[in-house]
Amino acid sequence: MTKRALITGITGQDGSYLAELLLKKGYDVYGLVRRTSNINTSRIENILDKINLIQGDMADQSSLISAVKQSQPDEVYNLAAQSFVGSSWSQPIFTGDVTGLGVARLLEAIRVNELNAKFYQASSSEMFGKAVETPQNEKTPFHPRSPYGVAKVYGHWIAVNYRESYGMFVCSGILFNHESPRRGMEFVTRKISNGVARIYHGLDSELRLGNLDAKRDWGYAGDYVEAMWLMLQQKTPDDYVIATGETHTVREFCEIAFEAAGLDWKKYVKIDPRFLRPAEVELLMGDSSKARKALKWKPRVSFKELVRMMVQSDIDLLARESRQKAVAQDYSPVKSGRLKVN
Ligand code: NDP
Ligand code: GDR
């Protein structure tokens, strides 16, 4: 029997990698997409003809009940969220609603449909925040430092609670930062790789950043979606930390990224207080030994490989875009004389 999976957040970084992984494994893949004036499917363009999209929103209970009813999933991966920590201070209520309460709505949708579906919750290392120990593991207490982190703590505990209350197969993956060429532009890694590429192509002369001392445990998103799937293949549901076990500063990320393009970061990076946060998470480093043992999972892409992959991808992307622009200009109706402009 072909397995069916419902992915919320399928248009995001992780959703796109997970959908590709599940298609390779022979799943029927359903994805929840929210109504926007311009639906953003750029990350799933290559698989659009192989997946089924269902309209719905994490803020709308009835749409989630319908999405679950329509897709009848064996596995549900809840990746949808207002996921940018920075915006969670300007939109704390929205973040709480979608990133926090949305988890309860989706769990309820499975419960009221009386479906025996396995559930993955995208929990986050942001829940550790001002962590009392390093490295952080599944037992480290939470002390979130942003409205986003607070919402994720709610999402995490409601997931655990549905497992304990109703015996549902619910797993929470406490994932540390993971990046890729598909990362959103507002996150620091992509902001840096895109900034380096723009400077390399002569489109910008500086890159403005906030706290360069913040330390993160950065892995590759392609590796991390495998861990999500593995969690739902175990005999019993449980929660797992997924991390590389290494930590690096934003400054180190800059150094390697600029170096990859043959540039010296010190000449281009400027500190801009606009990008400092009201409360910062200074240091994250995960201990994923439980997942490595039980799931036989380990990260494959190293920190340096990840940084170089992202920079190379953005340099190539900008080069492609500029070639397309040049071609479009050559064939423009004005240049070719087909259209006269007075
Ligand atoms: P992205 O921001 O790339 O993707 C978020 C997804 O959620 C998008 O598909 C977005 O849709 C969707 N979404 C947002 N709001 C709603 C809503 N109201 N209803 C339905 N869908 C919505 O995040 P990532 O792929 O990086 O992360 C996936 C999940 O993992 C998130 O929950 C994130 O918080 C969590 N996480 C991420 C980590 C990371 O380092 N990447 C680490 C730990 C946890 P749209 O395209 O329309 O905006
Ligand atoms: P984070 O990722 O908050 O860890 O959340 P982000 O890349 O936004 O920030 C990482 C660190 O870099 C510092 N920083 C800057 N950040 C941004 N965005 N822009 C800047 O200019 C800048 N300068 C310095 C930040 O202060 C921070 O310390 C990500 C998201 O994917 C969450 O959804 C996920 O849960 C966590 O990772 C784990």
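Strands (E, at least two residues) and helices (H or I, at least four) are DSSP runs, numbered from the N terminus. This is a predicted model, in which local features need pLDDT of at least 70 and side-chain atom pairs count only at pLDDT 80 or more, while totals for chains, interfaces and linings use all residues. Residues are numbered from 1 along each chain as its sequence is written, and chains are lettered from A and ligands numbered from 1 in the order in which they are written.

- Seven strands form an open sheet with parallel pairing, in the order 3-2-1-4-5-6-11, where two strands pair if DSSP finds at least two bridges between them.
- Strand 3 (52-55) and strand 11 (240-242) are the edge strands, each of which pairs on one side only.
- From one strand to the next, the twist averages 25°, with axes taken as lines fitted to C-alpha atoms, for helices over the stretch in contact, and angles running from 0 to 180 degrees between N-to-C directions.
- Strand 1 (residues 4-8) pairs with strand 4 in the parallel sense over four bridges, and Thr8 has Asn78 as its bridge partner in strand 4.
- Strand 4 is also joined to strand 5 by four bridges, again with the two running parallel, and the partner of Glu75 in strand 5 is Lys118.
- Strand 5 (residues 118-124) runs parallel to strand 6 (residues 170-175) and is joined to it by six bridges, with Ala122 bridged to Gly173 in strand 6.
- Helix 4 (residues 147-166) lies across strand 5 and strand 6, running at about 155° to strand 5.

**The shell around ligand 1**

- The shell holds 26 residues, of which Gly9, Gly12, Asp14, Ala81 and Ala122 come nearest to ligand 1; a residue is near a molecule if its C-beta atom, placed from the backbone, lies within 6 Å of it.
- Helix 1 (13-24) and strand 5 are the elements that give two or more residues to this shell, and the largest share, three residues, comes from helix 1.
- By residue type, the shell around ligand 1 divides into nine nonpolar, 14 polar and three charged; Ala, Val, Leu, Ile, Met, Phe, Trp, Tyr, Cys and Pro count as nonpolar, Asp, Glu, Lys and Arg as charged, and the others, Gly among them, as polar.

**The shell around ligand 2**

- Around ligand 2 there are 23 residues, and Val85, Ser124, Val188, Gly210 and Ala214 come nearest.
- Helix 5 (residues 188-200) gives the largest share of this shell, three residues.
- The residues around ligand 2 divide into nine nonpolar, eight polar and six charged.

**Ala197 in helix 5**

- Ala197 lies in helix 5 and counts as buried because it has 23 C-beta neighbours inside 10 Å.
- Leaving aside neighbours within four places in sequence, Ala197 is in contact (C-beta atoms, placed from the backbone, within 7 Å) with Val311, Asp314, Ile315 and Leu318.
- Ala197 and Met168 are 29 residues apart along the chain, and their C-alpha atoms are separated by 46 Å.

**The annotated span**

- An unreviewed UniProt entry places the feature "domain: NAD(P)-binding" at residues 6-310; such annotations may be inferred rather than shown by experiment, feature names are shortened, and positions are given in the numbering used here.
- The span of residues 6-310 is 37% helix and 15% strand, and its end C-alpha atoms lie 28 Å apart.

Technical notes. Contact = placed C-beta atoms within 7 Å. Buried ≥ 20, exposed ≤ 12 C-beta atoms within 10 Å, placed from the backbone.
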